[in-house]
Amino acid sequence: MKQLNIYHNDKFFSGMLESLVDSLQRVPLQEGKLSGQDIIIHNKHNVQAIIALDAGSNLHLLLTPTKEKESKLSTIKLKGLSINEVEWIVTGRENQVYIDISCKTGSLLGFKRPFLHFAEDVLLEISENEDLPSESIYKTCLRWKKFWSPNTSKMVTSEWIHGIFGELIFLIELLERFGVNTIKSWTGPLGRDHDFQSSNDLAVEIKTSLSIPFKINCNLKQLDTSLFKQLYIICYHITELDEGSTLPDLIRHIERLIGDNEIILEKFYELLMSSGYELQLESLYNEHKFLYSPGAVYLVDNNFPKIVETSFVNPPDHRISGIRYTVELTGIKEESIDSVTEELMILGR
């Protein structure tokens, strides 16, 4: 599956904008004005670029000269991103009309980093291809179209929210114990049968349950002990309560744990988007708040109750797919994550 374009370039704009925005956030913001920082671009059109913040902490990339004659920008319809010609007062400058690319990062906090990466791509496009800003914006929008486009058909199911919630909880556990390389072990978003794995040595399947005892749904491969040297099921009991955590809360926590490691952060965003997470739906995700218990760990061995392909005298025809069953985890030895720390350490290598 092709990943979404949410990475920034590795040229001289890489990472620049975030430090500029951090400095802008330390300056008092005024209603009706922008606080901005100039960005130098070497371009035959003498393009002027400014990264700016408004009083609502929304980000703006301002560019001149403005579009000439017919522009393709009017055909761009992107969720969470606005592109208009606007007259702004930028602190310390005279009024001027700019091409204003803006994003409501004041209310959609998860859009900040992707917007800055997008803006860096626009700047790189301008510097490398000598285009007018409007043409460079249009080309960059085409590359990012899937990321910024609204998906009105998206259905957010409870099953998906519960599943991704559990995976992010466990990812936090790994990051806190073993460091940022554990991001690479998150294989669920890549379509694998197990949520976390390290080659054929170890696989971990994460489950959430609203009930005690745990009841989990599995397919024919998830509990197949022949595929890995060690296989664990880790279950979290979740309860939907107003004082609980949301998916965006967990993501912000993970961002803090990753810190300034841009390569790992980009990998995390790619996996997050591949899992079905959509930044423009964060307001919807915020409606679901969960308290969760410490993870309960179960070693899947020959005695673990399961159905796999070898359970059948004649294995199911491979043209038959989607076979799932429910297991109630009673009468099975339960361990804590702390007790299997050494075994899980391989996920951080």
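Gly 188 sits in the loop that runs between helix 5 and strand 6, where helices (H or I, at least four residues) and strands (E, at least two) are DSSP runs, numbered from the N terminus. Leaving aside neighbours within four places in sequence, Gly 188 is in contact with His 194 and Asp 195, and contact here means heavy atoms within 4.5 Å. The C-alpha atoms of Gly 188 and Ser 274 are separated by 9.2 Å, although these residues are 86 residues apart along the chain.

This is a predicted model, in which local features need pLDDT of at least 70 and side-chain atom pairs count only at pLDDT 80 or more, while totals for chains, interfaces and linings use all residues. Residues are numbered from 1 along each chain as its sequence is written, and side-chain values use heavy atoms, with hydrogens and water left out.

**The protein as a whole**

- The protein has 9 helices and 13 strands, and its C-alpha atoms fill a box of roughly 75 × 45 × 35 Å, taken along the principal axes.
- Of the 349 residues of the protein, 51% count as buried, where buried means under 20% relative accessible area, exposed means over 50%, and partly exposed lies in between (1.4 Å probe, protein chains only).
- Among the contacts in the protein with a separation of 6 or more, 73% are accounted for by residues 24 or more positions apart.
- The accessible surface of the protein comes to about 17300 Å², and 48% of this surface belongs to carbon and sulfur atoms; accessible areas come from the Shrake-Rupley method with a 1.4 Å probe, and for residues only the protein chains shown count as cover.
- The mean positions of the 35 positive and 49 negative charges of the protein are 4 Å apart. Lys and Arg count as positive and Asp and Glu as negative, whereas His and the chain ends are not counted, and the place of a charge is taken as NZ of Lys, CZ of Arg, CG of Asp or CD of Glu.

- About 990 Å³ of space lies in the largest pocket. On a 1 Å grid over the protein atoms alone, a pocket is an open set of points where a 1.4 Å probe fits, with protein on both sides within 12 Å along at least five of seven lines; grid points are joined across faces, edges and corners, and a volume is the space filled by probe spheres set on the points.
- The largest pocket is lined by 36 residues, and Glu 159, Glu 205, Lys 207, Gln 222 and Arg 324 lie nearest its centre, where a lining residue has an atom within 4 Å of a point.
- Helix 5 (158-178), strand 7 (202-209) and strand 8 (215-219) are the elements that give two or more residues to this lining, and the largest share, 6 residues, comes from helix 5.
- Gln 222 is found in the loop between strand 8 and strand 9 (230-245), and Gln 222 counts as buried because its relative accessible area is 7%.
- Not counting residues up to four places away in sequence, Gln 222 touches Asp 193, His 194, Glu 205, Lys 207, Asn 217 and Leu 231.

**Backbone features**

- Most residues other than glycine have a negative phi, and most peptide bonds are trans.
- Ile 212 and Pro 213 are joined by a cis peptide bond with omega of about 0°, and Pro 213 has its place in the loop between strand 7 and strand 8.
- Ser 57 is not a glycine, yet Ser 57 has a positive phi of about 65°; this residue lies in the loop between strand 2 (48-53) and strand 3 (59-64).
- Ser 199 likewise has a positive phi, of about 50°, although it is not a glycine, and Ser 199 lies in the loop between strand 6 (196-198) and strand 7.

**Residues with more accessible area**

- Ser 57 is partly exposed, with a relative accessible area of 37%, whereas Ser 199 counts as exposed at 53% relative accessibility.
- Lys 145 has its place in helix 4 (residues 145-148), and Lys 145 counts as partly exposed because its relative accessibility is 48%.
- Asp 338 is found in the loop between strand 13 (335-336) and helix 9 (341-344), and Asp 338 is exposed, with a relative accessible area of 56%.
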